[in-house]
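Trainee: I have just opened this one and would like to walk through it with you. Could we take it piece by piece?

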Amino acid sequence: MLEELRITGLGVISDATLPLGPGLTVITGETGAGKTMVVTSLNLLFGGRADGGRVRADPGRAVVEGRLRLAGAIGPGVQARVVEAGGEVDDDGTVLLSRTVTAEGRSRAHVGGRAAPVAVLAEVGGAVVAVHGQSDQLRLLRPAEQRGALDRFAGEAHEKLLEGYAERYGQWRAVSDDLDNRRRTARERNQEADLLRLGLDEITRVDPQAGEDDALKAEAQRLEHVEGLRTAAQVAYLAIAGSGDDSPDASGMISTARRTLEGQSGVDQSLGDLAGRLEEAGTLVADVALELAGYLDNLDADPARLQAVYERRAALRGLTRKYAEDVDGVIEWAERAKAKLAELDTSDELLEELDRERIRLAGEVAELAGKLSASRREASDRFSEAVTTELAGLAMPHARVQFVISPKPANPPVLTVEGRETGVGPDGADDVELRLLAHPGAPPLPLQKGASGGELSRVMLAIEVVFAGVGGPPTLVFDEVDAGVGGRAAVEIGKRLSRLARDHQVLVVTHLPQVAAFADRHLVVVKDTGGAVTTSGVQRVEDTDRARELARMLAGMPDSDLGIAHAEELLAVASREKAAR
């Protein structure tokens, strides 16, 4: 539940705080006062598109902040997402969300006191709030939206069936496209495969090893300079180990120095420490001498080996000129070529295997499509009955809605579903259309043809009431969904919204006093044109002030005694209806 909303620098609203709570909250105000900015701010707060054109020039940025209480079934999931994003939930179970938009259109989001991607706000918003405006009515006119509404209503088992169908459909289309592509491009694939095989055959004959070019280069250098290497090693060895005559050598001189220092270590221990270091040096020099001796033993001139190295390096250079910059790259090219050959395969065996897989998947898709159609038909009956019942209570007692579920046109891809050929898509084999019978004897017409603006508003509200009965977000926002409605129908809309607010937090932007009278909390957007710049704020009205606001909405005369009396009568009727609900 959204407990508080603060709006700064958005449209005509300079700085306003909306105290919110459970039940039905209505937002009213003069035309142009900024009521729509409240809905705009909610869209922004929950990840909607940022529009720099709505930001006030002073201060040059808009900030929307909301305090959200995490409770109910959705609470743990939303809290986990907030924590995952790095945010913190307050000890009282609330979390602070904010969105900042600059005049240039740049946007920043914060969740639980931490900067976060706007997508996190959208995820949280999808779980906790549903915003419905006149644009949502227009979306409801599209068949795809109507099918989506029916699928959401059908329940969890239906959604799982739809997910399974979509997954299997994707697999079928992927296999079918792959098979068609291999058949269509067989000649080009075979030509490319031949070139790859030639390259792989050449590489296989040479059989390069990882790092081999660097190792051969080092070996060639040693073989080319073997005499110089032998001389250097010999001189170094004689200098360290001596030649066997009386000439001084490093090992002997170090040994003499060590013994001399040890003889005086009893007088000065520091000389004893130096003697110990000389002992370590003597050991190291002895090790080097031993290694030099082994190096000399193994250092032989080998013209045949040198020639073999030259030939091997030439073979490797032949590969690197064609396939990659070095031997490791050649090996990688060969691995990619092998994988590509598998993709290019157009052998009869593979094509037959793909065709069998395509037929198998097509059968599964057709079976799941049939189950999906049956599930939609069952859900459509329940949905139509529930919405029709709600319409009766919205002053449309003779109206009925019904879903017409028909097979898709037999355009490719086509499968046999429930005994007839029909087109199929990722959403099934059905075309779904919601139709309205406005009165007895009237033909069922698509919503866009059979419903006036006021009727469409009531159909939308009826659908939302039905949706609320099967779950969904706990907070519902309606932006003038009562447009085009008046009289008794307006009172009935107020009743339905009030009933919806028994189990949901409902926020309504309305111009109808009959709807506003049912509010548990009434907020008024007030426009101030006293200064050079028009600004708006939000006030909560109660008692006499509320009656004056309803009188203004009724007749434009907030100070009229007759208008106030009429408003008080409306409030009394609404109070009795709410008490009886």
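Mentor: Let us begin with a term: a residue counts as buried when its relative accessible area is under 20%, as exposed when that area is over 50%, and as partly exposed in between. Please also keep in mind throughout that this is a predicted model.

Trainee: Okay, then is Pro446 buried or exposed?

Mentor: Pro446 has a relative accessible area of 12%, and because the limit for buried is under 20%, Pro446 counts as buried.

Trainee: Where does Pro446 sit, and what does it touch?

Mentor: Pro446 belongs to strand 13, which covers residues 445-446, and, if residues up to four places away in sequence are not counted, Pro446 touches Glu433, Leu434 and Arg435. As for distance, the C-alpha atoms of Pro446 and Val485 are separated by 20 Å, the two residues being 39 apart along the chain.

Trainee: Switching to charges, how many salt bridges does a search of the whole structure find?

Mentor: The search finds 41 salt bridges. Side chains of opposite charge can pair when their charged atoms come close.

Trainee: Can you give me one inside a helix?

Mentor: Take Arg197 and Asp194, whose side chains meet in a salt bridge with an N to O distance of 3.1 Å. Both lie in helix 7 (residues 186-206), and because they are 3 residues apart there, about one helical turn separates them. Arg197 is partly exposed at 43% relative accessibility, and Asp194 is partly exposed at 44%.

Trainee: And what about Arg376, which residue does it meet in a salt bridge?

Mentor: Its partner is Asp430, with 2.9 Å from N to O. Arg376 lies in helix 14 (residues 348-392) while Asp430 lies in strand 12 (residues 430-437), so this pair ties together parts that are 54 residues apart in sequence. Arg376 and Asp430 are both buried.

Trainee: What does Arg377 pair with?

Mentor: Arg377 forms a salt bridge with Glu418, and the closest N and O atoms are 2.9 Å apart. This pair links distant parts of the chain, 41 residues apart, with Arg377 in helix 14 and Glu418 in the loop between strand 10 (414-417) and strand 11 (420-423). Arg377 is partly exposed, with a relative accessible area of 34%, and Glu418 is partly exposed as well, at 40% relative accessibility.

Trainee: Which residues are linked in a network of salt bridges?

Mentor: Arg147, Lys408, Asp427 and Asp431 are linked in such a network.

Trainee: Let us turn to the backbone: what is its phi like at Glu418?

Mentor: Glu418 has a positive phi of about 55 degrees, although it is not a glycine. Asp207, also not a glycine, has a positive phi of about 55 degrees. Asp207 is placed in the loop between helix 7 and helix 8 (212-224), and with 45% relative accessibility Asp207 counts as partly exposed.

Trainee: Which residues does a cis peptide bond join?

Mentor: A cis peptide bond joins Pro412 and Pro413, with omega at about -5 degrees. Pro413 lies in the loop between strand 9 (400-407) and strand 10.

Trainee: Now the surface: which residues gather in a patch of negative charge?

Mentor: The patch is made up of Asp214, Glu325, Asp326, Asp328 and Glu332. Among them, Glu325 is found in the loop between helix 12 (303-322) and helix 13 (327-344), and at 81% relative accessibility Glu325 counts as exposed.

Trainee: And Pro248, where is that one found?

Mentor: Pro248 is found in the loop between helix 9 (226-241) and helix 10 (250-263), and it is exposed at 65% relative accessibility.

Trainee: One last stop, Gln514: which helix is it in, and what is it in contact with?

Mentor: Gln514 is in helix 18, which covers residues 513-516, and at 15% relative accessibility Gln514 counts as buried. Leaving aside neighbours within four places in sequence, Gln514 is in contact with Gly487, Ala490, Val491, Gly494 and Leu570.

Note on methods: Residues are numbered from 1 along each chain as its sequence is written. This is a predicted model: local features need pLDDT of at least 70, side-chain atom pairs count only at pLDDT 80 or more; totals for chains, interfaces and linings use all residues. Side-chain values use heavy atoms; hydrogens and water are left out. Helices (H or I, at least four residues) and strands (E, at least two) are DSSP runs, numbered from the N terminus. Buried means under 20% relative accessible area, exposed over 50%, partly exposed in between (1.4 Å probe, protein chains only). Contact means heavy atoms within 4.5 Å. A salt bridge is a side-chain nitrogen of Lys or Arg within 4 Å of a carboxyl oxygen of Asp or Glu. Patches are made of residues with over 30% relative accessible area and no salt bridge: like charges are joined within 9 Å, nonpolar side chains (Val, Leu, Ile, Met, Phe, Trp, Tyr) within 5 Å. Accessible areas come from the Shrake-Rupley method with a 1.4 Å probe; for residues, only the protein chains shown count as cover. Lys and Arg count as positive and Asp and Glu as negative; His and the chain ends are not counted. The place of a charge is taken as NZ of Lys, CZ of Arg, CG of Asp or CD of Glu.
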